[in-house]
Amino acid sequence: MAIKQHTPNFWQKRAMPARLLWPLSKLYGLISHRSLQQKALKAQKLPKPTIVIGNINVGGTGKTPATIALTQALQARGIKVAILSRGFGRNHKALTLASTELTALEMGDEPYLIYQKTAAPMAIYHNRYEAGIALLAQNPHIDCFICDDALQHRQLARDIEIALIGKQGFGNGYLLPAGPLREPLERLQTVDYIWANGTDEETIHHLKEMMDTPIIQLKASLQDPRSLHSQALLPFTEWQTIPFTAIAGIAHPENFYQMLEAKGLQFTTRSYPDHYALTEADLADITTPILMTEKDASKCLYFKRENLWRVPLELSLPESLVDEIIEKISTKTS
């Protein structure tokens with residue numbers, strides 16, 4: 001049976017529950033702002049240019065695909081990129097340098113996926129500065145760091161900040177716990193770029209009226225499913241006549257399902273909490289083939305069950321944006 005745990009519905013509108021929690025949001029905002037300011041005052045600077053990717057929302061904006069896309073784009077230009085990640089949901093907290101011998105449970109599902117897609121040197125630890133220093137000791141020729149999900153990790157100094165916004169936008173616009181925001185919208189005025197991933201035009205227009213921060217609209221696309229075991233590819237056109245179940249353990253599983261529906265597919269669904277550690281028992285009662293996100297697939301690689309398929313998601317970045325980021329990296333290096 002699926003364990004459903006999604007964000008509260010009232011986060012998307014200013015209904016009574018949100019209004020009742022609004023005083024707590026004000027208190028949260030004051031405490032959080034002070035804490036982030038104190039951390040920023042003591043921020044440690046890594047010896048290489050540092051790019052931070054994150055969001056002001058609680059999850060579900062596409063930070064991991066964005067990290068992969070930027071890393072691959074820089075690698076294609078000859079830039080030696082290293083990744084720093086916290087490793088949420090892994091089974092220990094020790095500083096870890098990524099390797100092909102480690103599993104998603106040991107690295108965390110998102111770092112594991114990033115490493116599999118990019119092969120970039122990676123350190124996983126709650127203290128990104130210490131992780132970066134450890135990584136440099138083994139890889140002294142690193143050109144820059146990319147820090148995944150680190151916009152609020154103010155104890156690390158950064159040279160470029162990228163904030164992701166997703167399909168859900170900013171919900172009701174309230175801070176936690178009345179709404180989905182970790183920081184107020186005004187925070188986006190201080191980042192270098194806003195990357196919009198499936199964000200509606202109304203939200204983008206609103207942001208453009210509020211601030212001058214460059215807004216880059218990303219293009220996301222699902223690639224044809226691949227078998228977890230054989231790596232065989234089966235085009236989406238074939239799946240239009242195959243009964244299957246789509247599963248997702250991500251912040252907003254409906255985004256994955258809607259992208260599959262846009263391919264003309266019909267299917268049943270099963271959702272799990274974000275970062276959920278899937279087991280074979282969780283899938284035992286599903287009799288159809290299963291399509292899943294690559295993040296979920298990272299935890300199913302050693303399952304004996306057949307008919308498990310991962311669906312790659314790719315984000316494309318404008319070449320002019322990559323040029324601009326490389327120029328910024330060069331400026332910080334010189």
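Predicted model: local features only at pLDDT ≥ 70, side-chain atom pairs only at ≥ 80, totals over all residues.
Reader: What is the strand order in the open sheet of nine strands?

Author: Strands count as paired if DSSP finds at least two bridges between them. This sheet reads S3-S4-S2-S5-S1-S6-S7-S8-S14, and its pairing is mixed. Strand S3 (96-97) and strand S14 (313-316) each have a single partner strand, so one side of each has no neighbour in the sheet. Further in, strand S6 (residues 160-165) and strand S7 (residues 193-197) pair in the parallel sense over four bridges.

Reader: Which strands does helix H5 (residues 128-138) touch?

Author: Touching, or contact, means heavy atoms within 4.5 Å. H5 packs on this sheet against strand S2 (81-85), S3, strand S4 (122-124) and strand S5 (144-148), and its direction makes about 145 degrees with that of S2.

Reader: What about the open sheet of five strands: what is its order?

Author: Go across S9-S13-S12-S10-S11, again with mixed pairing. Strand S9 (226-227) and S11 are the edge strands, each pairing on one side only. Strand S12 (residues 290-293) and strand S13 (residues 308-311) are parallel partners over four bridges, with Ile 290 bridged to Leu 308 in S13. Helix H8 packs on this sheet, touching S10, S11, S12 and S13, at about 150 degrees to the direction of S10.

Reader: How many aromatic pairs does a search of the whole structure find?

Author: Rings of Phe, Tyr and Trp (its six-membered ring) pair if their centres lie within 6.5 Å; planes under 30 degrees apart are stacked, over 60 edge-to-face, the rest tilted. The search finds six pairs. Phe 244 and Phe 267 have ring centres 5.2 Å apart and planes at 25 degrees, so they are stacked. Phe 244 is in the loop between helix H7 (236-239) and strand S10 (245-248), and Phe 267 in the loop between helix H8 (253-261) and strand S11 (268-271), so the pair ties together parts 23 residues apart in sequence. Tyr 257 and Phe 267 form a tilted pair, 6.4 Å centre to centre with 55 degrees between the planes. Trp 239, Phe 244, Phe 256, Tyr 257, Phe 267 and Trp 309 form one aromatic cluster.

Reader: Is Thr 67 buried or exposed?

Author: Buried is under 20% relative accessible area, exposed over 50%, partly exposed in between (1.4 Å probe, protein chains only). Thr 67, which lies in helix H2, has 0% relative accessibility and therefore counts as buried. Leaving out residues up to four places away in sequence, Thr 67 touches Ile 53, Ile 83, Ile 114, Ile 146 and Asp 148.

How values were computed: Residues numbered from 1 in each chain as written. Heavy atoms only, no water. Helix = DSSP H or I, 4+ residues; strand = E, 2+ residues; numbered from the N terminus. Axes fitted to C-alpha atoms, helices over the stretch in contact; angles between N-to-C directions.
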